[in-house]
Amino acid sequence: MAIEITPEQQIWVTTNEAEELTGYNRQYLNQMAHKNYRLPEDDRLIKVRMRSGRFYELWLPDLLRYIEEIGYGPHLDKK
């Protein structure tokens, strides 16, 4: 099942914003961003960029596709 990406979803998001949007744990998102950032750009599952040498930004369409297709990882407790 293909997901549709609207124009307003075609943005870079920080790991904090990605946590709020996806429910994935921020620590997991940071680890995933770091692993992808270390790969050559053509091999990355998710486009990642480093901002100010301190935090990562993820390309939201790639992140949503990753969740749809692979869809595992630590989640926040849903209380």
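Two strands count as paired if DSSP finds at least two bridges between them. Strands (E, at least two residues) and helices (H or I, at least four) are DSSP runs, numbered from the N terminus. Arg49 stands opposite Glu57, a residue of β3. The two strands involved, β2 (residues 48-51) and β3, run antiparallel to one another and pair over 4 bridges. The structure here is a predicted model, in which local features need pLDDT of at least 70 and side-chain atom pairs count only at pLDDT 80 or more, while totals for chains, interfaces and linings use all residues. Residues are numbered from 1 along each chain as its sequence is written, and side-chain values use heavy atoms, with hydrogens and water left out.

What sits between β2 and β3? The hairpin has 3 residues between its strands, and Ser52 is found in this loop. Most residues other than glycine have a negative phi. Ser52, though not a glycine, has a positive phi of about 55 degrees. Ser52 also counts as exposed, because its relative accessibility is 65%; the cut-offs are under 20% for buried, over 50% for exposed and in between for partly exposed (1.4 Å probe, protein chains only).

Stepping back, the protein has 3 helices and 3 strands, and from the N terminus on they come in the order β-α-α-β-β-α. Of its 79 residues, 32% count as buried. Contact here means heavy atoms within 4.5 Å. Among contacts between residues at least 6 apart in sequence, 58% join residues at least 24 apart.

Next comes helix α2. It has 13 residues and spans 18 Å from its first C-alpha to its last, close to the 18 Å expected at 1.5 Å a residue (the expected span is 1.5 Å times one less than the number of residues). Which residues of α2 are buried? They are Tyr28, Leu29, Met32, Ala33 and Asn36. Seen down the helix axis, these buried residues fall within an arc of 135 degrees, so they line one face of α2; the arc is taken from the directions from the axis to the C-beta atoms. Gln27, Lys35 and Arg38 are exposed on the other side of α2. The cover over the buried residues includes α1, β2, β3 and α3.

Asn36 is buried, with a relative accessible area of 8%. Leaving aside neighbours within four places in sequence, Asn36 is in contact with Arg44, Leu45, Ile46 and Val48. Asn36 and Leu58 are 22 residues apart along the chain, and their C-alpha atoms are separated by 9.8 Å.

The inside of the protein can be described through its nonpolar core, meaning a set of buried Ala, Val, Leu, Ile, Met, Phe, Trp, Tyr and Cys residues joined through side-chain atoms within 4.5 Å. The largest one has 14 residues, of which Ala18, Leu29, Met32, Ile46, Val48, Leu58 and Leu63 touch the most other members. The elements that give two or more residues to this core are α2 (26-38), β3 (55-59) and α3 (60-69). With 4 residues, α2 gives the most. As for Ala18, its contacts beyond four places in sequence are Val13, Gly23, Leu29, Leu58 and Leu63.

Thr15 belongs to helix α1 (residues 15-22). Is Thr15 buried or exposed? At 6% relative accessibility, Thr15 counts as buried. Not counting residues up to four places away in sequence, Thr15 touches Arg26, Leu29, Asn30, Tyr56 and Leu58.

Aromatic rings come next. Rings of Phe, Tyr and Trp (its six-membered ring) pair if their centres lie within 6.5 Å; planes under 30 degrees apart count as stacked, over 60 as edge-to-face and the rest as tilted. By this rule there are 3 aromatic pairs. In one of them, the rings of Tyr24 and Tyr28 have centres 5.7 Å apart and planes at 35 degrees, so the pair is tilted. Both Tyr24 and Tyr28 are buried.

Gly71 is in contact with Tyr24 and Tyr66, neighbours within four places left aside. Along the sequence Gly71 and Tyr24 are 47 residues apart, yet in space their C-alpha atoms are 10.0 Å apart. Gly71 counts as partly exposed, because its relative accessibility is 38%.
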